[in-house]
Amino acid sequence: MAGAIAGRLGGHGSARAHHRFDATGEAPWVRYTLIAVAVLFLTLSLFVPLASVFYEALRKGVQTYWEALVEPDALAAIQLTLTVAAIAVPLNVVFGVAAAWAIAKFDFRGKNLLITLIDLPFSVSPVISGLVYVLLFGAQGWLGPWLEAHDIKILFAVPGLVLATIFVTFPFVARELIPLMQAQGSEEEEAAIVLGASGWQTFRHITLPNIRWGLLYGVILCNARAMGEFGAVSVVSGHIRGLTNTMPLHVEILYNEYNFAAAFAVASVLTLLALVTLGIKTLVEFRARKETEAAAPERPLSSLPASVQGQAS
């Protein structure tokens, strides 16, 4: 009888366990509802605005669209945007790699303060950062009289745009690399040093290959923000057409002048750059994921590059 009771309890217990297992998964209608809500939200907040940008840009014809892009002020804005990004992004790469290396590989006083400073642009409005540069380099600012006496222009010129862009974008590379380098540890670098490699060889053959996907991902995010930045550069640019207007600022001016076709034409270029950036970002994530899945859990010492191992001899 006890056996029968145990069998009955066991049967009910397994049925209850099976029921609980089924209960951990959502019903099909719940999944489909959530998917539909997500698709609807993306359609209203992302796809429709993107489509409207290209629709408005091409509504008056390809000829009008092309004329808006080859107009001198538009070409100057495109060139200036690419120039500022080409200066700010490499500088942020150097800073980001150096900061991530220092934070992830060493312990020192002020480490937490450095991490806080890296995160500062995320918590400060870009407009406020632009006003800080006005306070420093403006005609009535702390360094303004000295700069004016030496005929050095920071505000309302390319240097001011570059400084403002660097400030709002410098966390991206560092913030991508710091957790990655902390997770990787420093065992491989220490092994390379023991084998006689120099610091540059260790970085080039060990550290850089390990962080290349995270570094590229940070560069992509940094470049996207640099080209699309509006608030900080708006404060320090002076809105001088053909000289200090980046693409976002040029779009604002055209829109305020009710030149909607030209405004959306330039905006479509920014949108295309954003889509290209998104495509590259997706490719980088895919390649990084595939490489991580294919890589061994732990690299043996013998897998260090021959150029590093050869230093021991």
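Here are a few notes on this predicted model.

1. Before you start: residues are numbered from 1 along each chain as its sequence is written. Local features need pLDDT of at least 70, side-chain atom pairs count only at pLDDT 80 or more, totals for chains, interfaces and linings use all residues, and side-chain values use heavy atoms, with hydrogens and water left out.

2. The overall picture: the protein has 15 helices and zero strands (DSSP runs numbered from the N terminus: H or I of at least four residues for helices, E of at least two for strands). Of its 313 residues, 34% count as buried (under 20% relative accessible area, with exposed over 50% and partly exposed in between, using a 1.4 Å probe and protein chains only).

3. Have a look at helix α9 (residues 171–184) and helix α11 (residues 199–228): their axes are 7 Å apart, at an angle of about 160 degrees. Axes here are lines fitted to C-alpha atoms over the stretch in contact, and angles run from 0 to 180 degrees between N-to-C directions. The pair is therefore roughly antiparallel, a label for angles over 145 degrees. On the α9 side, the contact (heavy atoms within 4.5 Å) includes F172, V173 and L177, while I211 and L215 are among the α11 residues.

4. Then there's H239, in the loop between α12 (231–237) and α13 (247–256). H239 counts as partly exposed because its relative accessibility is 30%. Leaving aside neighbours within four places in sequence, H239 is in contact with S234, T244, N245, L249, E252 and I253. F156 is 83 residues from H239 in sequence, yet their C-alpha atoms are 7.8 Å apart in space.

Note on methods
Parallel < 35°, antiparallel > 145°, perpendicular 65-115°, else oblique.
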